[in-house]
Each structure stands twice: as C-alpha cells, then as structure tokens.
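Welcome! Take a look at the structure first.

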Amino acid sequence: MNEYSDLEPAEFNSKMNGFKAPSHPNVRVVGQSDASSSAATARLPVSVDWRTSGYVTPVKNQGSCGSCWSFSATGAMEGTHAKRTGVLLNLSEQDLIDCSSRYGTSGCGGGYMIDAFMYVIDNRGIKTQASYPYRGEQQISAAIDARYLQYYSSGIFNDTACSSSSLNHAVLVVGYGQDSSGNLYRTVKNSWGTSWGENGYLRLARYAGNMCGIATMASYPTYD
C-alpha cells in the first residue's frame, strides 16, 4: 500500500500520468532496434547505474499534477550537465511547467520532454530548483456552489447537499493537505474578508465527489 492506493484508476491516471506522445514529424525517437543492435551492445558494460556516478538527483514528488514530463526532462538535463561539468544541479520543473506552453506543453495537463528541451535551448538555459521552487498544483481559479458556506467557520467542509453543477461563486485553490485524522482537503482562498471561515480560507473535502463543484469550471493561466 502507498499514498496512491485509495485513488480510483481513472483518477490516478488523470492526476499522475501526464506524458503526451510526440507530434513532431521531424523528431526521430530512438526505438528498440537502435538500442539492441549487436554492434552497439557489444561495446556496452554489463551494467550501468548513473546514481553511483553522481549524475542523479534525489527522487522528487510531482504531487497531484500531471507534470511527470517535466521531471523526466530535468532529470535528463541534470545528468547530462553533471557528466559534462562534474557539477550536479537540481533544475526547476516549475520553470518548464510555467513557461514552456508555447512549445506544446500543458503544465499539470501533460507535456512531452523534447518540447521542454526546445524551450530550454531557445531560452538559453533553465532555472534551478532553489531559484524557482516546485509548487506542484498550480493556484487554480474555480467556481463553486457557495449556498451552504454562509455560516462556515472552521474545519473541513463536506456536505453532499452542495451542488457540483449549480455554481454561483468564484474562489482560488491555493493548496491541499490532510488533518491529524487523515482527512484530505483542498485549501481555498475566499474573498469574504478574514472574519469568515479560517481567516478568510476554507478547507474543502478532497476526493469527495467534486465537492461543491470545485473541479467543474477550474482554470489557471500560464506565463511565457
């Protein structure tokens, strides 16, 4: 069992698997025939582990964002840079997520590694993790059914009467977490002042059937 065991397969795939197949007719993808030719394999060592050479950064966590493509791309660039210079840098996936959309990537909605490489080439570099840290889930504008939130003061709001389609209020999703009992929630910034809710914020039940329609009309901007 792991932290993803309670997700439905469709939910897991939509949140965690963000690879988009290449759409570039002029890009040659190395296939099995390239890697298994006798001439090539005859020169290869029996085993290779780039971790022991110091070319691999620690395992990272993409969170519930379909940004696996950015982690694959930064990992390849980190290893190449370390092998060439002897310096292992921790590169910024968030830079790729936020800034490479005009190359065909879609942030948490998925992407392709070569599109990320092309962005870095044209940008003449990529930021480090320290200077541009990973946020995972982007801050997301969303519409909700707020009819039952007038008297909300604290805690995780979970009410099945709250509609997922009758939306009447706009909010901002700024994060997520779980309480001491393991109950999952989204952190929502409201615009009703700090005397409402938890200093102006709402904790809305997560994985509770699109509570209050939080995912029905969600959107986020990208910056190029």
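C99 counts as buried, because its relative accessible area is 12% and buried means under 20%, exposed over 50% and partly exposed in between (1.4 Å probe, protein chains only). The model is predicted, so local features need pLDDT of at least 70 and side-chain atom pairs pLDDT 80 or more, while totals for chains, interfaces and linings use all residues. Residues are numbered from 1 along each chain as its sequence is written, and side-chain values use heavy atoms, leaving out hydrogens and water.

- C68 is partly exposed, at 22% relative accessible area.
- Its sulfur is too far for a bond, because the closest cysteine sulfur, in C65, is 9.0 Å away.

**The disulfides**
- There are two disulfides, a disulfide being a pair of cysteine sulfur atoms within 2.5 Å.
- One joins C65 to C108, with 2.0 Å from S to S, and this link is left-handed, with -95° about the S-S bond.
- This pair links distant parts of the chain, 43 residues apart: C65 is in the loop between α3 and α4, and C108 in the loop between α5 and α6.
- C65 is buried at 0% relative accessible area, and C108 is buried at 18%.
- C162 and C212 form a disulfide with their sulfur atoms 2.1 Å apart; their link is right-handed, at 115° about the S-S bond.
- Both C162 and C212 are buried.

Technical notes: Helix = DSSP H or I, 4+ residues; strand = E, 2+ residues; numbered from the N terminus.
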